[in-house]
Amino acid sequence: MPSDFAVAKRRLRLLGLTGDDAIKAFFGGNALVSVVVLLLITIFLFREGVGFFGQNRQNLAIYRQAGLEYVEFIRAQQADHIALTRSLADLRLRYLTCLTEERQMTLAAANEALAGFDDYAGKFSDTVEPLRGLATELTEMATAIKTKFLVTQDQKEARRQLLAEGKSAEAAKVKIDEVDFATELKPLVGTLPVYRDLNREFARRLVEVAAAAPALPTADLRDRMTRLQQHVRDYVAGFPAIETRLAKWDHRRPVPWWESFTAFVFGRAWLTASFWQDWYGILPLLAGSVLVSMVALMIAVPLGVGAAVYVNQIAGVREQKFIKPGIEFIAAFPSVVLGFFGIAVLGQILRAVSQLPGLSWVPGFPYSERLNVLTAGCLLALIAVPTIFTLAEDALNNVPRAFKEASFALGASRLQTITRIVVPASLSGIVSAVLLGLGRVIGETMVVLLCAGNRIAIPDFSSGLGVVTQPVHTMTGIIAQEMGEVVRGSIHYRALFVVGLVLFLLSLAINYAAQTIVRRYRISIG
Amino acid sequence: MVSTLEPPVSALPGPRRADALIAIDHVDFYYGATQALHDITLGIEAKKVTAFIGPSGCGKSTLLRCLNRMNDLIDGTRVGRGTITIRGVDIHRPDVDVIELRKRIGMVFQKSNPFPKSIYENITYGLRLQGLKDKARLDEIVEKSLRGAALWEEVKDRLHTSGLGLSGGQQQRLCIARAIAVEPEVILMDEPCSALDPVATAKIEELIQELRARFTIVIVTHNMQQAARCSDQTAFFYLGRLIEYADTRDIFTKPANPQTEAYVSGRFG
Ligand SMILES: Nc1ncnc2c1ncn2[C@@H]1O[C@H](COP(=O)(O)OP(=O)(O)OP(=O)(O)O)[C@@H](O)[C@H]1O
Ligand SMILES: [Mg+2]
């Protein structure tokens with residue numbers, strides 16, 4: 001007798017698959033595709049990025065071999081002098097303000113009174129002239145060597161390509177002017193005695209000029225002048241060290257492999273397409289990204305978590321119906337629109353606020369750069385709020401009602417129950433919400449590109465919290481801005497990929513941390 | 001028909017409402033539009049154990065939660081008619097501080113619900129809310145409460161580990177210790193043993209016998225033996241109405257109402 005099972009087994013088959021198999025294959029296939037795509041992207045990022053370190057080492061090697069490093073010592077010395085001149089100019093400004101505001105002088109009269117000071121400042125700045133002359137000359141020499149070497153490189157590349165195409169006859173015709181760095185550098189290094197004499201004279205003259213400071217009217221100004229003179233003495237005291245460094249410098253000293261790595265990780269400059277030397281240091285970009293994200297979180301965490309607590313614990317049903325979609329709606333704004341808003345409205349408003357006379361006690365206020373960390377941070381906060389709000393609200397929702405009831409039954413007020421039971425019990429969820437908000441913010445591109453001011457420099461932290469009023473550039477911003485115009489395969493192109501890689505690893509770490517926290521500290525409900 | 005089931009208050013075997021610690025007087029209670037309690041009148045005597053019994057959904061928990069106004073936490077609930085007074089004070093009077101009320105009326109829930117904090121912090125929670133900070137005093141109360149809940153010997157070496165690490169029965173005793181730490185007058189227990197095995201249940205019942213000297217206890221239970229063993233008075237509810245309220249012995253041996261008789265003898269419910 002045939003069993004019922006045998007009858008039921010006659011199912012529809014397609015390509016030898018039953019319906020169940022097809023469904024399994026469909027979903028399994030989708031999962032597989034996502035994993036594979038993710039893997040491919042990661043591999044691509046790594047492949048494009050990793051070549052950077054070799055190229056950067058080459059870049060650093062030329063910097064040394066062509067004598068740029070040597071010349072940089074002298075250029076730096078000159079730059080330090082310029083910084084001193086600048087503080088002198090700052091002092092002049094204070095002097096002028098003092099005269100016009102406290103002594104009620106007219107501008108013309110004040111400027112006249114400053115003639116002595118100007119004379120002093122003029123002499124001070126002129127002392128560097130001979131050194132500047134030498135530095136310019138050396139800069140040209142070093143650049144010439146570097147250019148020569150690059151031309152050789154191009155010739156080699158041309159020949160290699162011809163050979164690859166099998167045109168060996170033509171390849172042999174390509175002339176290659178090998179650069180012998182030792183001979184090329186001889187005249188450059190040969191200037192050392194000249195530099196020594198020049199430097200001694202410069203030091204003598206500078207000390208002499210600096211000492212003849214004009215009398216200043218207020219204690220504050222005198223104080224500043226004394227400090228400036230101390231700086232000058234320190235500066236001059238550093239000259240012998242520069243001379244020994246120049247004397248010891250050797251273009252043959254190899255560039256170790258890790259230097260291209262440290263130059264990237266700890267590099268304080270991101271300088272591209274420069275006539276002198278390109279630097280690929282991630283610090284200014286990292287600092288910018290971190291600073292902007294911190295400001296964003298500082299604003300978004302109280303807002304997002306506060307709103308979540310309110311909606312979950314305090315608001316009535318009708319308020320919930322209104323607030324929840326409202327906040328989640330913010331996420332619907334395209335970030336470019338937010339960025340546009342930041343440029344057109346928020347930046348202006350914040351700057352105007354910073355210039356209110358009553359607010360000058362706030363660190364960093366007043367400021368004149370409309371686009372800066374603060375402007376970008378405020379807008380990024382807006383982007384982070386929905387993420388933080390939604391996830392934190394979920395976490396609060398997961399706190400068992402029983403905890404709340406027990407707390408109320410012991411005579412706790414609503415506020416006490418929130419602060420002592422509900423929030424601590426959902427803290428892991430809230431922390432991971434904040435982390436995911438951070439991940440969202442650090443990867444955001446459009447807003448920072450439009451509103452962070454895009455100045456590539458490590459912000460000046462000496463003004464404390466006022467640092468947030470400075471413009472910065474970010475990792476995401478630089479990729480978006482520069483990727484379009486770089487040559488594929490060039491060091492610059494690869495450097496951008498490494499920045500992308502850092503960003504990717506950072507987001508990965510943040511997400512991983514968020515997940516771990518949730519898993520590790522989730523309250524087990526007994 | 002129902003009204004005939006309801007003897008006049010003066011006829012109740014328990015104390016008269018006038019001298020009861022808690023007097024529930026003609027109370028109607030609503031969840032939104034649905035009425036869950038109909039005209040409940042009963043007095044709960046001080047330093048006695050009063051049991052609420054009745055089939056599921058008859059309103060035992062609802063009435064219990066009215067006593068410390070826990071129902072306030074549910075949107076749309078209200079007492080439609082009648083009053084609940086404790087020591088002659090109407091607990092719904094506008095000048096009554098609900099927080100103060102809940103400090104004086106402790107509660108133990110059906111499902112043990114220690115906070116995700118250490119055992120020590122669980123017990124001191126209510127005290128800290130009241131602003132007590134003195135460490136020595138807190139230590140003393142923790143020990144006293146844990147001893148009071150017959151838990152001290154089992155946990156004295158792990159006071160600072162999580163309360164969630166205890167067994168179900170221990171957790172429930174921790175919740176009792178937490179409730180008695182703030183020295184309430186009344187302890188409300190909503191099926192405190194329903195999730196426990198017989199051994200743990202026996203322990204809690206023993207504990208109730210010890211606690212009755214110091215506290216007024218109201219206990220909701222589905223376990224007839226438990227009600228018979230533990231309580232002095234028993235109230236039987238059915239469909240939101242109080243059917244019979246009498247000395248426990250009488251309810252179980254000579255119930256006045258046929259429905260009560262049917263329920264306690266296990267023929268329905
Ligand atoms: N939060 C609520 N909202 C609406 N109705 C409720 C709510 N809680 C209870 N009820 C209703 O009130 C009535 C009484 O419920 P209650 O929980 O007091 O019964 P109970 O006697 O404790 O039952 P059990 O023995 O199952 O715990 C039931 O009909 C129930 O459906
Ligand atoms: Mg119940």
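## A tour of chains A and B

Start with helix 6 and helix 9 of chain A, which run roughly antiparallel to each other, because angles over 145 degrees count as antiparallel here. Keep in mind along the way that this is a predicted model.

**Stop 1: the helix pair.** Select residues 129-164 of chain A for helix 6 and residues 192-211 for helix 9. Their packing angle is about 155 degrees, and 9 Å lie between the axes. Turn the view until one helix lies over the other, and you will find a left-handed crossing.

Which residues make the contact? On the helix 6 side of chain A, show Pro130(A), Leu131(A) and Leu134(A); on the helix 9 side, show Tyr195(A), Leu198(A) and Phe202(A). Colour them by class and you get six nonpolar residues, with no polar and no charged ones.

**Stop 2: the domains of chain A.** Now zoom out and colour chain A by domain: 4-49 is domain 1, 67-250 is domain 2 and 295-525 is domain 3. For a sense of scale, the C-alpha centres of domain 2 and domain 3 of chain A are 43 Å apart.

**Stop 3: where the chains meet.** Bring chain B into view alongside chain A. How many residues of chain B are in contact with chain A? The contact involves 27 residues of chain B and 21 residues of chain A. Together the two chains bury about 2000 Å², with 64% of that on carbon and sulfur atoms.

To finish, select Pro116(B), Tyr125(B) and Leu129(B). These three provide 26% of the area chain B buries against chain A, more than any other three residues.

Key: Residues are numbered from 1 along each chain as its sequence is written. Chains are lettered from A and ligands numbered from 1 in the order in which they are written. This is a predicted model: local features need pLDDT of at least 70, side-chain atom pairs count only at pLDDT 80 or more; totals for chains, interfaces and linings use all residues. Side-chain values use heavy atoms; hydrogens and water are left out. Domain bounds come from an automatic or database domain assignment. Axes are lines fitted to C-alpha atoms, for helices over the stretch in contact, and angles run from 0 to 180 degrees between N-to-C directions. Helices (H or I, at least four residues) and strands (E, at least two) are DSSP runs, numbered from the N terminus. Angles under 35 degrees count as roughly parallel, over 145 as roughly antiparallel, 65 to 115 as roughly perpendicular and the rest as oblique. A crossing is left-handed if the near helix is turned anticlockwise from the far one by less than a right angle, and right-handed if clockwise. Contact means heavy atoms within 4.5 Å. Ala, Val, Leu, Ile, Met, Phe, Trp, Tyr, Cys and Pro count as nonpolar, Asp, Glu, Lys and Arg as charged, and the others, Gly among them, as polar. Buried area is the accessible area (1.4 Å probe) that two parts lose on being put together, summed over both.
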